[in-house]
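Please look through the sequence and the structure, then read the points below.

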Amino acid sequence: MDCLLWIPALAGHIGLCSFLFNRTHATAWPHVWRKLIEKFVVFGSVLPLVLLPGWLWQQGSLSFRNSLDASPWLAAYLALSLIASGYFFAAWTYRLLTRTKPANWQNPQRDYFNGEEILHQRLTHGIVAKLLSWVPGNQATAIALEHYRIAVPKLPAGTTLKICQLTDLHLTGQIDIAYYKLIIEQVNRWEPDLVLITGDLVDQHHCLNWLDRIFKPLQAHYGKFYILGNHDRRIRPESELRTRLEEAQLQRVGGAWLAVETGEIGTLLLAGNELPWFPGAESLRPLPAEDQRLRILLSHSPDQIDWARSFNFDLIFCGHTHGGQVRFPVIGPILCPSRYGVRYACGPFQVGSALMHVSRGISGDRPIRINCPPEVGLFTLVGTA
Ligand SMILES: [Fe+2]
C-alpha cells in the first residue's frame, strides 16, 4: 500500500512549485527574473508527472519505499514533498475553518454578462488568446457584476455612497477594446459616486491609446481615482502612462491623504499604495485619532495589510491576485501572486478595524478564467451612525 504515498508526494511537489511561483510574483524583482522562475516552475511541476510513469515502469514496481533507495537526492526530495503536502493540507484546513465573512458585509446580488453574446463578436485576438478561448469553461469574457452592501458606522444613518471598483484590466490587445467599453457602459448605468481603479491597467504600449477611449466616458459624481500595479511597470516611461491616465480624467491617489467632498456625507479621505512596485506610500503620515472621516485605501496588492493596519483605514480595495484565475473544486486556487499564498486570493476580509475587499479583477496577462469569473464590484455603503 506504500505506493499510495505517491499521491501526497506529488501534491507536495505541486505545492512547493506553487509556493515558489506565488512568493516570487509578490516581489518587485525584474520582470525577466520572475518570468524565468515562472518557466522553471511550470516545467518543474509538469516534468515529474510526465516522467514518473515511465520511470516506475522501468523500475518494475510502484513501491514508494523502493524508489527511496534509487537515489539519495530523490529520497530527500520525496521526503520534503511529503512534509510539504502535510503542511499545505494543514494550511488549507486552517483557512477553511477560520475564514468568516465580516459582519457588516453583504453580497446580495450577482449578475453575469457574457461580452461575446452581447456584442455578437469574438473578443479574443492572437493565437494564445484564441487557443485559450477554446478551453472548456473559460470565463475570460464573461464578467460577474457583484453588488455588495457594507454597513458603515462612520457615515450618517440614512445616507448611502456607491463606490465602483475596477481593477486589473490588463490591456494587452488580446481582448478587444469593445469588451472594456461594454463594462464602462454598465458601470455608468450604476451611476456610482466614486470609481476606484486599483492597478494593472496597461501591459502593452500600443494600448495606451485605449485609455482615453475607455476611461473618458466613465462617469462618477465625485471623481475617478487610480493607482498603478506591477504590470504597469512594463510601460516606460512611467510619466507617459500617468499623463495618459490624467488626460483620461483619472486622478492619481498616492502617498498623501486626498480629501474628496461628497455632498451630504461630507469629506472622505483616500490614500494609495503601489508598493512594492512604485514608491510613494512610505510618505503617508498617520492622522490624529480624533479625525473621524472615512478612510479608504487603494492598494494594488493585499500584501500591504500590515502597512495598512497602522493607518486605521475603514475600507481597503485591492486587486492583483485575480482570485487565482483557475479555481479547482474543493481545493480552490493554487497560483496567487502573494506572499500570503492563496490566503487573500479574493473576497472580503476583516483586517483589524478595516474591511478589505480583494477583487478578482477584469482580466489578466493570459485570458484564462476557470471557475473564477472576472469581476466588477459595486459597493453600496450604508450609513449607520
Ligand atoms: Fe493583475
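Domain bounds here come from an automatic or database domain assignment. On that basis the chain is divided into domain 1, residues 2-98, and domain 2, residues 105-383. The model is a predicted one.

**Overall build**

- The chain contains ten helices and 15 strands.
- Its radius of gyration is 23 Å, close to the 21 Å that the globule rule gives for 385 residues, so the chain is as compact as a globular protein of that length.
- Taken along the principal axes, the C-alpha atoms fill a box of roughly 75 × 50 × 40 Å.
- Of the 385 residues in the chain, 39% are buried.
- Among contacts with a separation of 6 or more, 77% are between residues 24 or more positions apart.

**The two domains**

- Between the C-alpha centres of domain 1 and domain 2 the distance is 33 Å.
- Domain 1 puts eleven residues into the contact, and domain 2 puts in 13 residues.
- On the side of domain 1 that touches domain 2, helix 1 gives the most, with five residues.
- That side of domain 1 consists of four nonpolar, five polar and two charged residues.

**G15 in helix 1**

- Helix 1 covers residues 6-24, and G15 lies in it.
- Is G15 buried or exposed? With 23 other C-beta atoms within 10 Å, G15 is buried, because the cut-off for a buried residue is 20 or more.
- Leaving aside neighbours within four places in sequence, G15 is in contact with A84, S85 and F88.
- S81 is 66 residues from G15 in sequence, while the two are 8.3 Å apart in space, C-alpha to C-alpha.

- Seven strands form an open sheet with mixed pairing, in the order 1-2-15-3-4-5-6.
- The edge strands are strand 1 and strand 6 (251-252), each of which pairs on one side only.
- Strand 1 (residues 105-114) runs antiparallel to strand 2 (residues 142-152), and eight bridges join them.
- Within this pairing, Q106 stands opposite R149 in strand 2, and Y112 stands opposite A144 in strand 2.
- Strand 2 also pairs with strand 15 (residues 375-383), in the parallel sense and over nine bridges.

- Strand 9 (residues 294-299) and strand 10 (residues 315-318) are paired in the parallel sense over four bridges.
- In that pair, I296 stands opposite L315 in strand 10.

Notes:
Residues are numbered from 1 along each chain as its sequence is written. This is a predicted model: local features need pLDDT of at least 70, side-chain atom pairs count only at pLDDT 80 or more; totals for chains, interfaces and linings use all residues. Helices (H or I, at least four residues) and strands (E, at least two) are DSSP runs, numbered from the N terminus. A residue is buried if 20 or more other C-beta atoms lie within 10 Å of its own, exposed if 12 or fewer, and partly exposed in between; C-beta atoms are placed from the backbone. Two residues are in contact if their C-beta atoms, placed from the backbone, lie within 7 Å. Ala, Val, Leu, Ile, Met, Phe, Trp, Tyr, Cys and Pro count as nonpolar, Asp, Glu, Lys and Arg as charged, and the others, Gly among them, as polar. The radius of gyration is taken over C-alpha atoms; the globule rule is 2.2 Å times the number of residues to the power 0.38. Two strands pair if DSSP finds at least two bridges between them.
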